Amino acid sequence: MRVVIVGGVAAGMSAAARARRHDESAEIIVLERGPEVSFANCGLPYHVSGEIDSADDLLLQTPSSLRAALNLDVRTGHEAVAIDAAAKTVTVVSDGGVEDLRYDALVLAPGASALRPPLPGLDSPRVRTLRTVGDAVALRRAVDGGARRAVVLGGGFIGLEAAEALRLRGLDVHVVELAGHVLPPLERELATLVTAELGDLGIHVHAGVAATGVHEGVDAATVELADGARIDADVIILSVGVRAVARCAADAGIATRDGAILVDDHGRTSVPGIWAAGDATLAVDAVTGLERPIPLAGPANRAGRLVADDIFGLAHARAVPTGLGTAIVRVGELTAAMTGANRATLERAGIPFRTLHLHPNQHAGYFPGASAIHLVVHIADDGRILGAQGVGRDGVDKRIDVFATAMRAGLTAPDLIDLDLAYSPPYGQAKDAVNLTGMVAENVLSGRLKLWYADEAEDGADVLVLDVRRPDEYASGHLPGSLNVPHTELRERLDEVRAAAAGRPVRALCAAGVRSNIAYRILVNNGFDATSLSGGIQTLRAWYGAQADDLLITEGAVR
């Protein structure tokens, strides 16, 4: 039995290791076109920053260590350039020449390559990517050699990690993102918080604008933007996305779509005897059911393992699971994380949803260091959890992992109320952020709470906005025409509210949505047509970002 695996790192090496555990006598050959077959690509930015001092720490395994431990024949610097499915051979090019390798089973795990848009000047020697250990070493060498200005093209996960790493090394850093905000998969009202943190780090953000060219100069390159801005840079990081490496598969007649390999739920391609896993494949989205790339290390590792199970006919071999796309990134002192679908994905898929905004503390408020976790959770009318995102200084990872687990287990949003999560004042609250999400969801789904949203603040609807915060909070910024009645005074002032409403619906709001929920129940129990602002003024400010100051009235300010 000869198993040939094209590509190492996550999916390929997981398949190889699992294959060896299934069959001690199989010949397992791993072909890796690069110099390293097993390295921590997610750790590359942290070598640039100096947090991981030695590049050797990024090397998880070597061909010799894999030979010793698993008897694998790992060949670096070997690129698979053609597949003959009928003959069951792979054509391989290396410094030693060209050879055809016979296989009984073939696993394609070539990964993805950095996307290079048709931008003039990208051939500048100052333009770099951050995909390999060599890339990280070269970038760190450039910084050590005196680079002081950097432009990062792309404000996604890797782009922001690279930007933070370079800023930690003292460089003046600009991030250019074509989308309306950094971290495009993150919801708008959370991305505002990340942008503010980048500003606190001293990183300049240019969102909603394209780079139009790179112009090489004597001492620096200049990145030109569509808005006319010109930014000088000693190094330019290209991080605008990745593209599946699937040309070899397509040329062999293997079915692909949008440049990625199509596989079934066991990783089988359209050609018998050939499997594929990892970033080169399309995955089925667990929420929408649509196929899309999910270029993440965790799913790639697990898929490679499951492919090996199928190759060796493991009884009751588990299917490769559909993808949630759970992801996380550190930005300064903040953590941003997500799982499942965001608003844009749900709208494109035509899936109806309701959105919940919460701002609970990560642990007991009376314990030192309490800080808010800002949550955005999408749910279906039947209670299914469709997606969850969070941003905060502590505890975000734990909650998003719980949401991801609940979604995989098929729990509904109200089921979150009953989760028995670890509690002690330094770690959580008796009503954890996840439990609270379930409570809000149950109220919304049962009709006990009706919400209005920040994007409705400017719609000019004929309503009364009732601000139930304290007078000092109201003075710090409120919506034009709103009536301020603190929630503790509402019962005694209902006649005042009724007169001001004059038969119009009442939109209640507070700082985070807790007090306005209390006010909402008082109002509806007294015959008012009312709603409560999801997430309160905190979410409203984050939704509008810099424009919030134009929308809100601050007492004493000149308008």
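**Reading the sheet**

Tutor: Happy to! This is a predicted model. Look for the open sheet of 5 strands, ordered S5-S2-S1-S9-S22 with parallel pairing.

Student: Which strands are the edge strands?

Tutor: They are strand S5 (73–76) and strand S22 (274–276), each of which pairs on one side only. On average, neighbouring strands of this sheet are turned by 15 degrees against each other, with direction ignored.

Student: What holds strands of a sheet together in general?

Tutor: Strands pair through backbone hydrogen bonds, in either a parallel or an antiparallel way. Here, strand S1 (residues 2–6) and strand S2 (residues 27–32) run parallel and are joined by 5 bridges. For example, Arg2 has Glu27 in S2 as its bridge partner.

Student: Which strands does helix H1 lie across?

Tutor: Helix H1 (residues 11–22) lies across S1, S2 and strand S9 (105–108), and runs at about 170 degrees to S2. Helix H8 (residues 297–311) also packs on the sheet, where H8 touches S9 and S22. The direction of H8 makes about 160 degrees with that of S22.

Student: Now the surface. Which residues make the nonpolar surface patch?

Tutor: Val81, Val93 and Val98 make that patch, which covers about 230 Å². Val93 is placed in strand S7 (residues 89–94).

Student: Why can Val93 be called partly exposed?

Tutor: The label applies to residues between 20% and 50% relative accessible area. Val93 has a relative accessible area of 33%, so Val93 is partly exposed.

Conventions:
Residues numbered from 1 in each chain as written. Predicted model: local features only at pLDDT ≥ 70, side-chain atom pairs only at ≥ 80, totals over all residues. Heavy atoms only, no water. Patch = residues over 30% accessible without salt bridge, like charges linked within 9 Å, V, L, I, M, F, W, Y side chains within 5 Å. Areas by Shrake-Rupley, 256 points an atom, 1.4 Å probe, with all protein chains shown as cover. Salt bridge = Lys/Arg side-chain N within 4 Å of Asp/Glu carboxyl O. Helix = DSSP H or I, 4+ residues; strand = E, 2+ residues; numbered from the N terminus. Buried < 20%, exposed > 50% of the residue type's maximum accessible area, 1.4 Å probe, protein only. Pairing = 2+ DSSP bridges. Axes fitted to C-alpha atoms, helices over the stretch in contact; angles between N-to-C directions. Contact = heavy atoms within 4.5 Å.
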